[in-house]
Each structure stands twice: as C-alpha cells, then as structure tokens.
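User: Hi! Could you walk me through this one? I'd like to start with a side-chain detail.

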Amino acid sequence: MQKLKHLSLFLLLLISAACDSDDAPETEAVTVTTTDLNFNVAEGTAANTVIGALVGASSSGAVTFSIASQTPSGAVAIGGDNNTSLVVADASLFDFDQNPQITIVVDVSSGDVTEQSTVTITVTQTAEGIEADDFVGDRNIQLGANDVLDTALGTRFVGALDDNG
C-alpha cells in the first residue's frame, strides 16, 4: 500500500510538472497599418462635406480613427459612413489666403495598439478669389464697352492701354 501511495504521489507531481504555464497558447501581437494621405479641397467648401476616406487595417479586425492634432485647430472632424472619413468641420478655415495647407495627425487604433498617419489637405483657390491684378501686373488697362475679356485663358485682357503703355 505504501508503494501505491508513493507511486500515486510521483505520478501527481509528474502530471503537474507537465502542465507548466509556459504551455499556454500564444497570442499573436496585434498589428495596425496605415498610410499618409493627401487631399485637395477648394476654399469655401461647405461644413460636413466629406473630404476623403481614412486608411487603416488591423490583424485583429476593425480599427478606429481619432484626431490626435490638426493645424489649424477645428478645421476637420471624423465622420462619414462608420466614422471612417474626414469631413469639413469649420468651412471658414478652408481659406486659401489664410490656410493654404491644413495638416492633421490621425490615430489609427485597434485595442491598445495605435499607429499614426499624417493627412495633408491643400486648399485650392477658387475663381472668385482671383483678382484682375493677379494677371496684369502694374499696367493700367481700360476696357471699353465693346472690348472683350478673354475668359478662356483667363490671363489676357483686350482693351485700350492708357498713356503709360
């Protein structure tokens, strides 16, 4: 009987040693990928207009997007379908003369893992922001009632010149 107790105790120790905690299944590390993006947006674009889709993926499923920083502050927000797009938040900040470029750092996250992407928005000037002086320099041009403005090229005026040339 004593031998049976010792044998049972030995087997019990052997089994418990074989069930070491290092044998637990290993979990893969979560990876998040993203990329930097560039968009062109016309000045004066209305609030809530979708600028473009954000890009991100994770080895463990869905990702979430959030704004880490932006210059100027408050220009854009996360929105659109499933909160996966950048949208215009403050249309007044999309002004070519004041903010020709808007820069946003976006956090792309899955669980505790976060990567960042930089989004650069180039604000393009609209025709209403272009003045005739942008094309004629320091010449004084006078247009008469029958003179024609060459709008196809937008860079040439037809008319009588004053005495200065």
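Analyst: Happy to! The side chain of Asp107 makes a polar contact with the side chain of Gln116, at 2.8 Å. A polar contact here is a pair of N or O atoms within 3.5 Å; within protein, one must be able to donate a hydrogen and the other to accept it, and residues adjacent in sequence count only if both atoms are side-chain atoms. This is a predicted model, where local features need pLDDT of at least 70, side-chain atom pairs count only at pLDDT 80 or more, and totals for chains, interfaces and linings use all residues. Residues are numbered from 1 along each chain as its sequence is written, and side-chain values use heavy atoms, with hydrogens and water left out.

User: Is Asp107 buried or exposed?

Analyst: Asp107 is buried, with a relative accessible area of 17%; buried means under 20%, exposed over 50%, and partly exposed in between, using a 1.4 Å probe and protein chains only.

User: And what does Asp107 touch?

Analyst: Leaving out residues up to four places away in sequence, its contacts include Thr64, Phe65, Ser66 and Glu115. Contact means heavy atoms within 4.5 Å.

User: Where is Asp107 found?

Analyst: In strand 8. Strands (E, at least two residues) are DSSP runs, numbered from the N terminus. Strand 8 pairs with strand 9 in the antiparallel sense over 10 bridges, and Val105 has Thr118 of strand 9 as its bridge partner. Two strands pair if DSSP finds at least two bridges between them.

User: What order do the strands have in that open sheet of 4?

Analyst: The order is 2-9-8-5, with mixed pairing. Strand 2 and strand 5 (64–71) are the edge strands, each pairing on one side only.

User: Switching topic: which residues touch the most other members of the largest nonpolar core?

Analyst: Ile51, Val76, Phe94, Ile104, Val119 and Ile121, out of 21 residues in that core. Strand 8 gives the largest share, 4 residues. A nonpolar core is a set of buried Ala, Val, Leu, Ile, Met, Phe, Trp, Tyr and Cys residues joined through side-chain atoms within 4.5 Å.

User: What does Phe94 touch?

Analyst: Not counting residues up to four places away in sequence, Phe94 touches several residues, among them Val41, Ile51, Val76, Ile102 and Ile121.

User: Last one: where does pLDDT stay under 50?

Analyst: Over residues 146–160. pLDDT is the predictor's confidence in each residue, from 0 to 100. The protein chain averages 79, and 62% of the residues score at least 70. Where pLDDT is low, the predicted coordinates should not be read in detail.
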